[in-house]
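Thank you all for making time this morning. Please keep the structure on your screens while I talk.

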Amino acid sequence: MQRALFAPFLATACLALAVGLSGCQDNAPSQAQAAVPVDTGGSLKGDFGPPQGEPIQAVLTSPPHVPPATNRDHPAKVIVDLEVRELDMEIAEGVTYTFWTFGGTVPGSFIRVRQGDTVEFRLHNHPDSKMPHNIDLHGVTGPGGGASSTFTAPGHTSQFTFKALNQGLFVYHCATAPVGMHIANGMYGLILVEPPEGLPPVDKEFYVMQGDFYTVGKYREKGHQGFDMQKAIDENASYVLFNGAEGALVGDNAIKANVGEHVRLFVGNGGPNLVSSFHLIGEIFDKVWYEGGTRYQENVQTTIIPAGGAMIADFHLEIPGSYVLVDHSIFRAFNKGALGILQVAGEEDKAIYSGKEVDSVYLGDKAVSQKPVREAAAAAASGKLTPAQQVAAGKTLYNGTCSVCHQDNGQGLPGVFPPLAGSDWIAGHSAEEMIAVVLNGLSGPVKVNGEDYNSVMPPMSQLTDDEVANILTFVRQEMNSGASSVNKKDVAKVRASTPRGDGAAH
């Protein structure tokens, strides 16, 4: 307190000293400039008095949507009703997981208030829940961020009130023990505390949040998957996802905008473990409010978002096409699911960009409909999977694993990658031998259709048994007319009996 009171006097004294010495040191920097700090606000600047007017019911939105701006010039009392639901939902095609959610979605509902608002927060735990839950909002000033005030049993409601003193974009999450498990099951979201003057206007706003998930089964292993505590402790994520599911922001779920528009992304990282290297391929962020605070950096390519942190990014769209959101810890994008699409419509500008889109190759199976994969998984679960369904699913999966090298039509690249279509090598090898090649890779010279090849096929052991079976069924039946289909049990048998180096295992 004494320091705060003394600061104005110190600044005035420094200013007088600088003026007195100006005749001797015309080129010296002013001591007053060096001594007076930049006022960035903070909680002492965020109390604008009691709420005015009638209470306001907060508008909550599910991802990727964002509530409208508050558009107020005064503090208000804002009532937030948020319900906890424990739900079985898809985490990937044909894979379900029991998510614990705020508002029925992962991430939870987006909350938007104004700095200085008084927030009456009501947490409802649905009667069907099996666990108690609470909420820790990083935008709350007070012990536990509200966690100690909101421990809520199934079928009960808890309530507390706080004043939003600090502007910024803040994470909220469950903090009931074991805290890591609650977060890992999807219990996180974002609350935006707008500055009094509001944020600069833009044309579109979207809500994206990354999280890492730990399942008993491997990535894309079909069926219902449970939570794996040891994987979580070891920080060995099965999935790293945007908005809680591998398909949450691709295909029909891609976010959309138009050339000429200004777009804002509110991006959070629920963790519980991994730091995000967030990147939008083909765009440069004009401004990034890093760590969700009041400062921004300009012309940013990739920004770090810590677990339990957030950021705001603004950018302008010049060129139409598909822009890919990724965690640039890049294996997470293409092998664990941290990938989304921003589809931009409008007129091309050849002066800025003259190229063509190659998304069908670059994005692999994420650029096409996953319906055949979903139908094959459902049929397999019911014991009614047909070779035709395997071929359809295998064709979709082939786009994401084989087509970059062997081409969409299976013709390969002469002298570099051997053909898979009409291949005498495939005709001369059994299904078990082909399975072993997929799982363990193949290197060294081979002769296919009379031509010599000497390249490397890496192990594809990250594929699940049914994915290997479906891809090989497609290659054998569609590209090589009439060979027998491949059964996932055969894949499992080869996988279990074939020795592999540690680097080839998944």
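Let me start with charge pairing: Arg 112, Glu 194, Glu 205, Arg 264 and Asp 314 are linked in a network of salt bridges, where a salt bridge is a side-chain nitrogen of Lys or Arg within 4 Å of a carboxyl oxygen of Asp or Glu. Before I go further, please bear in mind that this is a predicted model, in which local features need pLDDT of at least 70 and side-chain atom pairs count only at pLDDT 80 or more, while totals for chains, interfaces and linings use all residues. Residues are numbered from 1 along each chain as its sequence is written, and side-chain values use heavy atoms, with hydrogens and water left out.

Glu 205 lies in strand 10 (residues 204-213) and Arg 112 in strand 4 (residues 111-114), so the pair ties together parts that are 93 residues apart in sequence; strands here are DSSP runs of E with at least two residues, helices are runs of H or I with at least four, and both are numbered from the N terminus. At 7% relative accessibility Arg 112 counts as buried, whereas Glu 205, at 22%, is partly exposed; buried means under 20% relative accessible area, exposed over 50%, and partly exposed in between, with a 1.4 Å probe and protein chains only.

A second salt bridge joins the side chains of Glu 261 and Lys 204, at 3.1 Å from N to O. This pair links distant parts of the chain, with Glu 261 in the loop between strand 13 and strand 14 and Lys 204 in strand 10, 57 residues apart. Glu 261 is buried, with a relative accessible area of 15%, and Lys 204 is partly exposed at 25%.

His 279 is buried, with a relative accessible area of 13%; its side chain reaches the backbone oxygen of Gln 301 at 2.9 Å and makes a polar contact with the side chain of Thr 302 at 3.0 Å.

Finally, the backbone. Most residues other than glycine have a negative phi, and most peptide bonds are trans. Asn 71, however, has a positive phi of about 50°, and Asn 71 sits in the loop between strand 1 (56-57) and strand 2 (77-92), where it is exposed at 71% relative accessible area. Asn 449 also has a positive phi of about 50°, in the loop between strand 22 (442-448) and strand 23 (451-457). As for cis peptide bonds, one joins Ala 177 and Pro 178, with omega about -10°, and the bond from Gly 271 to Pro 272 is cis with omega near 15°.

Technical notes:
Polar contact = N/O pair within 3.5 Å; in protein donor to acceptor, adjacent residues only side chain to side chain.
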